[in-house]
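Hi everyone, thanks for making time. Please have a look at the model on the screen, and I'll talk you through a few places in it.

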Amino acid sequence: MNEKKQSPSILKDLFWSMFMLSACTFGGGFVIVSLMKKKVVEEHHWLEENEMLDVTAIAQSAPGPIPVNASVILGFRLYGVIGSLVAVAGTILPPMLLLSVIAIFYDQFRSSTTITTALAVMRAGVAAVIFDVVINLAKNVIATKRILYIVLMIITFILGYFFDISAMLIILGCLATGIVCVIVEALHSTKK
């Protein structure tokens, strides 16, 4: 780790970055991952783009909410276990506070046409952000220029969209493909 990543002030920056991302993001994990990439890679330079892609892939594949999974990995990468705890706290506090307020005033929220309209409008924005995430991830896969990755991306899209195959089965299939590739590469390198 570099000196910037070892500084205790990183914990404060990490907490507030995750807190603000979580507080200002609607639409779930795919939305926050896109904004997290902008914050973590482009603004703070805590990770390289390929590292963020790895974080995204692991966060999506692991059980649990994607933003929390990504926060655990990012925090650990920057400051170990304490960094993970700080990043997770920053990520989960805003929804916990918001849901607590909503629970208290549930009847008023449920019957409010203003809130219903605002939520419908936010869905359109969320769809646009998710589309942006998909396009950026596809560009990054294509940029690797690895035929296997590109073919897997296309096949998994077809399986998921046209054949309605479960995302879990697709992820497990990609995991199995990755394991086989690692084994084949290991066997190939030992023969040399």
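Aspartate 164 sits in the loop between H8 and helix H9 (167-191); helices here are DSSP runs of H or I with at least four residues, strands are runs of E with at least two, and both are numbered from the N terminus. Before I go further, this is a predicted model, so to speak of local features we need pLDDT of at least 70, side-chain atom pairs count only at pLDDT 80 or more, and totals for chains, interfaces and linings use all residues. Residues are numbered from 1 along each chain as its sequence is written, and side-chain values use heavy atoms, with hydrogens and water left out.

Aspartate 164 is not a glycine, yet its phi is positive, about 55°. Is aspartate 164 buried or exposed? It is exposed, with a relative accessible area of 68%; buried means under 20%, exposed over 50%, and partly exposed in between, using a 1.4 Å probe and protein chains only.

Lysine 145 also has a positive phi without being a glycine, near 60°. You'll find lysine 145 in the loop between helix H7 (113-143) and helix H8 (147-161), and it is exposed, at 71% relative accessible area.

Now to H9 itself. Serine 166 caps its N-terminal end, with a side-chain oxygen 3.2 Å from the backbone nitrogen of methionine 168.

Next, H4, residues 49-61. Which residues of H4 are buried? They are Met52, Val55, Thr56 and Ala59. Seen down the axis of H4, these buried residues fall within an arc of 100°, so they line one face of the helix. The arc is taken from the directions from the helix axis to the C-beta atoms. As a reminder, an α-helix has 3.6 residues a turn, so residues three or four places apart point the same way.

Finally, the largest pocket. Its lining has 41 residues, and Ala57, Gln60, Val141, Thr156 and Cys174 lie nearest its centre. On a 1 Å grid over the protein atoms alone, a pocket is an open set of points with protein on both sides within 12 Å along at least five of seven lines, and lining residues have an atom within 4 Å of a point. Which helix gives the most to this lining? That is H9, with eleven residues.

Key
1 Å grid on protein atoms, 1.4 Å probe; cavity = no way out; pocket = protein on both sides within 12 Å on 5 of 7 lines; lining within 4 Å. Polar contact = N/O pair within 3.5 Å; in protein donor to acceptor, adjacent residues only side chain to side chain.
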